[in-house]
Amino acid sequence: MTEARPGPAASSSLWEREAEIADVVEAVKALRADASSSGSLLVFSGEAGIGKTALLAEARRIAEAHGCTVWSARGGETVTSVPFNVIRQLLQPAMVSLMPEEAREYLGDWYDIAGPALGIAEPGERQADPQGVCDGLVAAVRRLAKREWPLVLILDDAHWADQETLQWLVAFAERLDDLPVLVVVARRPGDVSGERARQLEAVAAAARPVLTLSALTPDATAGLTRATLGEHADAPFCREVWAVTGGNPYETVELLAKVQDSELEPVEASAAELRALNRSARGRGLVARLEGLGIDATRFAWAAAILGTGISLDLAAQLAGMQRDEAVRCAELLGAARILTATEPASSELAGGDLEFVHPLIASAVYRSIPDALRTAMHGQAAWAVTESGRGAAAASRHLLEVHPDDDPELVEQMREAAREHLAVGAPDAARRCLERALAEPPLPEVHARVLYELGCATLLTAPATTISHLRTALDQPGLDGDLRVDAVFRLSQALVHNDQLDEAVRTVDAEAARLDAGPTRMRLQAVHYMWEGIHAGEDHVPGRSRSLAELVKTCTGRDNSERALLILRGFDAMTRGESAEEVVELCDRALVNGRLAPGLGWTDTEWGIELLMMLGSSYAYADRLDRAESLFSEALRSYTSAGWSGGHLALAHAFLGLAHRRRGRLRDAETTLRESLRIAERVGRGLPLYWSATCGLVDTLLARGDVQEAWAIAEQYGFAPPYPSTIVLPDTRSVRGRLLLAVGRVKDGINELEAAEKAAAARGHHNTVMGPWALDLARALASDDPARAAALATDARRQAERFGTDTAIGEALRCAAALESGQRAVRLAAQAVTYLEASPCQYEHAAARVEYGIAARSVSELGKGLTLARSCGADGLVARAEEVLATGRGLR
């Protein structure tokens with residue numbers, strides 16, 4: 001606890017910690033036993049001064065004695081706003097030991113993603129995805145851990161860790177099952193709220209049962225007192241030590257040190273003086289003791305407390321207004337008083353820190369003792385000094401956050417620059433704080449709207465409702481003109497869509513488009529209008545929408561991205577309406593440049609958003625051009641992975657690639673990809689459209705595989721039931737939910753769900769029988785009780801399929817018609833279905849048609865062909881059905 005005092009006091013806080021130490025020893029031995037074993041997480045919780053730091057120091061000693069590599073870090077009360085602060089500390093030993101090229105080699109593709117957050121690489125031009133950076137940091141530590149096995153990570157004062165580090169810690173703790181690393185964390189209970197509190201609870205949930213440290217008993221306090229002061233310390237004196245400190249190990253150690261310093265005899269006659277001595281060891285007593293060291297030492301301690309972390313002797317001297325030799329003298333004086341201590345050389349080298357406070361309680365007491373006005377002024381001076389030292393606006397921003405608003409245009413620009421730096425490394429919350437502080441200054445009138453716009457962009461991914469407020473205010477003020485204003489309108493509409501306010505998004509875009517003259521800018525907003533209407537799943541379809549879009553597209557040649565966007569939107573609209581598939585493909589092809597996405601219209605370009613390209617790929621997928629759909633969605637996955645976008649974009653890329661695999665009939669690949677999509681979507685947040693896409697696609701795939709019970713379990717676990725989102729989900733939610741209900745025997749509920757799908761499709765004008773196959777399933781479900789309606793549904797579905805014109809659509813309609821017939825008519829229809837689906841790229845449907853034809857025609861040959869296809873698709877249900885018929889052999893020829 002007190003590094004300046006060796007001997008018994010050095011291990012004083014380990015009294016009555018035998019059980020906790022045994023847990024550490026057990027975990028270290030398990031780590032050492034096998035390089036392929038799973039990792040573990042220990043979390044120690046306790047009030048301030050209860051001995052957490054000493055226990056972690058013992059954990060380090062034990063681990064090193066067993067030949068482990070140990071990396072450690074500590075949170076700080078005054079630096080919680082500094083993103084990635086604690087994980088940078090944690091990885092310092094590795095960073096010091098690696099040359100730049102070695103770091104790139106070890107981190108591989110993650111170097112450019114995680115490197116900027118760690119301060120070892122320059123950020124890229126694009127705003128970093130926070131989830132991608134977090135995943136990059138997890139991957140970085142995993143790779144370094146394999147090199148450094150056996151590795152122990154120690155994190156003290158986790159309640160004061162920055163939010164970005166805690167996000168990493170949560171993700172890393174979830175992956176310890178297959179990584180031999182021991183993580184030891186100490187934290188106080190409470191003291192935290194909001195997102196950081198949630199993250200700490202997630203860490204605790206991933207640990208063994210959290211171990212809560214208790215205060216020392218009277219007997220332990222007496223033993224510690226005698227071990228420190230001598231066996232002659234009498235019982236009344238020892239009892240008073242316990243009464244004064246409440247058994248708090250830190251206070252006990254400091255009190256006993258004060259007893260030694262004052263040469264007080266540890267006997268009953270001296271016990272009355274203990275309370276006064278204890279007051280001098282903490283709170284105002286500590287401050288009085290500090291002031292007793294002189295004004296220079298006090299001023300230097302204040303400067304160190306303002307810096308908080310990475311306390312550079314030179315920077316503290318500059319902030320305290322003294323020469324270096326004078327600062328050295330003050331540091332020595334504060335070291336002798338057990339207030340400051342020197343840092344480890346390796347830590348000093350990377351963090352720029354020569355000093356640190358002996359204990360967080362001391363740091364907090366010194367910081368709070370600085371008069372308010374002076375503390376604010378010193379933060380301003382620290383910001384200037386940090387900037388002058390070349391550490392950048394982001395490093396200075398934590399000090400500027402503490403400065404009172406004062407109409408300072410320069411501070412506004414500093415905070416805007418700091419926000420850009422934070423966004424570049426994947427810390428949008430830090431950027432938000434900087435921009436909110438810039439607004440409080442406030443900015444000059446001509447800059448105000450731009451700051452609001454930047455704040456809206458910074459919160460788009462994390463707080464759509466907040467983004468809406470900022471961007472609306474920005475658009476109501478002067479200062480946003482031309483392309484910047486149009487971009488603000490587009491981002492506002494995006495935020496409204498993400499906030500489930502799709503109608504308002506359309507109205508916002510329309511109002512801005514009405515202000516503009518004809519040209520590319522207005523056309524961009526017109527395309528956005530149709531894009532949001534195109535993904536709306538509501539039943540308030542605008543009459544004539546498709547017609548007006550078709551009229552607008554007639555003049556489009558694909559000469560710029562606004563025209564290309566309109567071509568894609570028209571192709572998607574035609575696909576959903578079941579118009580000619582050839583026309584759908586022709587429209588989509590015209591939106592490409594030499595068969596590829598145009599510059600500025602790529603997956604990671606932000607001008608248009610992901611929705612447009614998902615519409616393009618989906619149009620190809622349902623028009624039987626699965627080669628192009630798979631190519632597009634695979635490109636999306638590669639683009640997002642290489643750019644480190646690990647949030648909603650990556651979840652959607654997996655979901656739509658899974659859709660393409662499902663359409664192709666590669667059901668095993670589809671299931672794997674969709675499960676990964678759902679894992680990522682779960683991390684992003686439930687209820688979002690991407691979450692529905694992943695869940696619906698997985699349920700649909702499991703039903704195709706024949707795993708009905710697992711499909712139902714997924715639906716129950718992830719809430720796949722009404723109410724559905726306001727945006728279109730592919731595959732169609734009601735159709736898939738209806739088929740699921742039929743599969744589990746809830747026939748009436750299934751029919752009701754499919755009839756709801758029928759109503760929704762009619763309201764939207766969606767007549768694509770492959771995208772929304774409700775009619776085919778509903779006809780089969782009604783075949784026994786209402787054969788006339790079933791036949792009408794099948795006839796209409798066949799007419800719509802022939803209008804669309806793909807082999808898949810026609811073949812599926814024929815399969816349904818065959819299922820409603822018997823005898824030779826059923827055989828002929830089943831044979832026709834096989835003919836069409838044999839030419840289709842959808843192998844699962846082809847396999848199902850072969851099996852059904854084989855059963856209808858009693859053909860061993862056709863059943864064998866269907867069985868082979870079903871096995872190649874991973875359609876276990878079809879396989880079982882075909883094998884059962886073949887096994888009986890009755891009536892087959």
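A quick word on the annotation before we start: UniProt positions are given in the numbering used here, and such annotations may be inferred rather than shown by experiment. Keep in mind, too, that this is a predicted model.

With that said, the UniProt record, an unreviewed entry, places the feature "domain: Orc1-like AAA ATPase" at residues 16-184. Over that stretch the chain is 52% helix and 13% strand, and its end C-alpha atoms sit 19 Å apart.

Now look at what flanks E3. Strand E2 (residues 69-74) runs parallel to E3 and is joined to it by six bridges, with Val70 standing opposite Val152. Strand E4 (residues 181-187) also runs parallel to E3, through five bridges, and there Leu155 has Val185 as its bridge partner. To get from E3 to E4, follow helix H8 (residues 163-173): E3, H8 and E4 make a right-handed β-α-β unit.

A pair of aromatic rings is described by the distance of the centres and the angle of the planes. The structure holds nine aromatic pairs. In one of them, Tyr640 and Trp645 have ring centres 5.5 Å apart and planes at 15 degrees; planes under 30 degrees apart count as stacked, so this pair is stacked. Tyr640 is buried, at 0% relative accessible area, and Trp645 counts as buried at 9%.

Trp692 and Tyr724 meet another way: their centres are 5.6 Å apart and their planes stand at 75 degrees, so the pair is edge-to-face. This pair links distant parts of the chain, 32 residues apart, with Trp692 in helix H36 (residues 689-705) and Tyr724 in the loop between helices H37 (708-717) and H38 (733-743). Trp692 is buried at 9% relative accessibility, and Tyr724 is buried at 15%.

Back to Tyr640 and Trp645 for a moment: together with Trp603, Phe633 and Phe656, they form one aromatic cluster.

Last stop, a couple of arginines over rings. Arg375 lies over the face of Tyr367, 5.2 Å from the ring centre, and Arg524 lies over the face of Trp608, at 5.7 Å from the ring centre.

Terms used: Residues are numbered from 1 along each chain as its sequence is written. This is a predicted model: local features need pLDDT of at least 70, side-chain atom pairs count only at pLDDT 80 or more; totals for chains, interfaces and linings use all residues. Side-chain values use heavy atoms; hydrogens and water are left out. Helices (H or I, at least four residues) and strands (E, at least two) are DSSP runs, numbered from the N terminus. Two strands pair if DSSP finds at least two bridges between them. A crossover is right-handed if, with the strands pointing away from the viewer, the path from the first strand over the helix to the second runs clockwise. Rings of Phe, Tyr and Trp (its six-membered ring) pair if their centres lie within 6.5 Å; planes under 30 degrees apart count as stacked, over 60 as edge-to-face and the rest as tilted. Buried means under 20% relative accessible area, exposed over 50%, partly exposed in between (1.4 Å probe, protein chains only). A charge sits over a ring if NZ of Lys or CZ of Arg is within 6 Å of the ring centre and within 35 degrees of the ring normal.
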